[in-house]
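Subject: Handover of a structure

Dear colleague,

Please find below the structure that I am passing on to you. My notes on what was found in it follow directly after.

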Amino acid sequence: MAYVSELGTGQRIYAENRGTQTAITLSSSQAGQQQQASYGFETGAWSGPPELFQTATGFVLKLATDRGNYFIQIQGSNVSMAAGLPAANLQPLSMQQATSPLPSSLPPMPPMQPMQPMTLGNMQMSMNPMEMRMGNMEMRMEPSAPTSSQGTRRFCSQCGAAIKPEDKFCSSCGHRQDS
Ligand SMILES: [Zn+2]
């Protein structure tokens, strides 16, 4: 079970008991940037929910475990074990049970396969040779297209059929060629 509390100024603390370890995750979002740091402490198994206190210099998390009480102090981005609670200026803060899984326990992204065909909506693209398909349109680029020995190939401006450079009319549709 994980517990979460807002520390103010966009900072949030997660505490979770995993076996005999206590995992502390500090996450902060400032100027659209999400930052996260995790710390692990050997504390034993919790015997109750953690308690969080605000102190003059930061925060202290009190953990009651089967090995006794542990105190973890948070000062800025510094998280360390402390001997106990400071005597003065203690202000208890509430911690909620985290319903969503910890951000750090999300499964990692599968590695990208670089040469696989890419599909985006109705567009499909693959490399080597470069080939692109979009709806019923298809585009292909051969690495080295063989060039005709008769010079530049021409195509009919009307029907697209290949015609010889000296032809005045298209042999396929009879359309007159401009040049
Ligand atoms: Zn033609």
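Strands here are DSSP runs of type E with at least two residues, while helices are runs of type H or I with at least four residues; both are numbered from the N terminus. The model is a predicted one, in which local features need pLDDT of at least 70 and side-chain atom pairs count only at pLDDT 80 or more, whereas totals for chains, interfaces and linings use all residues. Residues are numbered from 1 along each chain as its sequence is written, and side-chain values use heavy atoms, with hydrogens and water left out.

Overall picture

The protein chain contains 16 strands and zero helices. Of its 179 residues, 29% are buried; buried means under 20% relative accessible area, exposed means over 50%, and partly exposed lies in between, with a 1.4 Å probe and protein chains only. The chain exposes about 12200 Å², of which carbon and sulfur atoms supply 53%. These areas come from the Shrake-Rupley method with a 1.4 Å probe, and for residues only the protein chains shown count as cover.

The open sheet

An open sheet is formed by five strands in the order β4-β3-β2-β1-β10, with antiparallel pairing. Its edge strands, β4 (33-42) and β10 (96-97), each pair on one side only. Two strands are said to pair if DSSP finds at least two bridges between them. β1 and β10 run antiparallel and are joined by two bridges, and tyrosine 3 has glutamine 97 in β10 as its bridge partner.

Serine 27 belongs to strand β3 and counts as buried, at 6% relative accessibility. Leaving aside neighbours within four places in sequence, serine 27 is in contact (heavy atoms within 4.5 Å) with Gly10, Gln11, Arg12, Tyr14, Gln34, Gln35 and Gln36.

The nonpolar core and a hairpin

The largest nonpolar core has 17 residues, and those with the most contacts inside it are Ile13, Ile24, Leu52, Leu61, Ile72, Val79 and Met95. At least two residues of this core come from each of β1 (2-8), β2 (11-18), β3 (21-30), β6 (59-65) and β7 (68-75). Such a core is a set of buried Ala, Val, Leu, Ile, Met, Phe, Trp, Tyr and Cys residues joined through side-chain atoms within 4.5 Å. Not counting residues up to four places away in sequence, isoleucine 72 touches several residues, among them Ile24, Phe41, Leu61 and Val79.

β7 pairs with β8 (residues 78-82) in the antiparallel sense over five bridges. Glutamine 75 stands opposite asparagine 78 in β8. The hairpin of β7 and β8 has two residues between the strands, and glycine 76 takes a positive phi near 65 degrees there.

The zinc site

Which protein atoms are the donors of the zinc ion? They are the SG atoms of Cys156, Cys159, Cys170 and Cys173, lying 2.2 to 2.4 Å from the ion. Donors are N, O and S atoms within 2.8 Å of the metal (3.2 Å for Na, K and Ca); water is not among the atoms, so sites may look incomplete. Along the chain, the donors follow the spacing C-x2-C-x10-C-x2-C. The arrangement is tetrahedral because the four donor atoms subtend angles of 104 to 114 degrees; four donors count as tetrahedral if all angles lie between 85 and 135 degrees.

Cysteine 156 is buried, with a relative accessible area of 5%, whereas cysteine 159 is partly exposed at 39%. Cysteine 159 lies in the loop between β15 (154-155) and β16 (162-163). Its C-alpha atom is separated by 8.6 Å from that of cysteine 170, eleven residues apart along the chain.

With kind regards

Technical notes:
Tetrahedral: all angles 85-135°; square planar, octahedral: opposite > 155°, others 65-115°.
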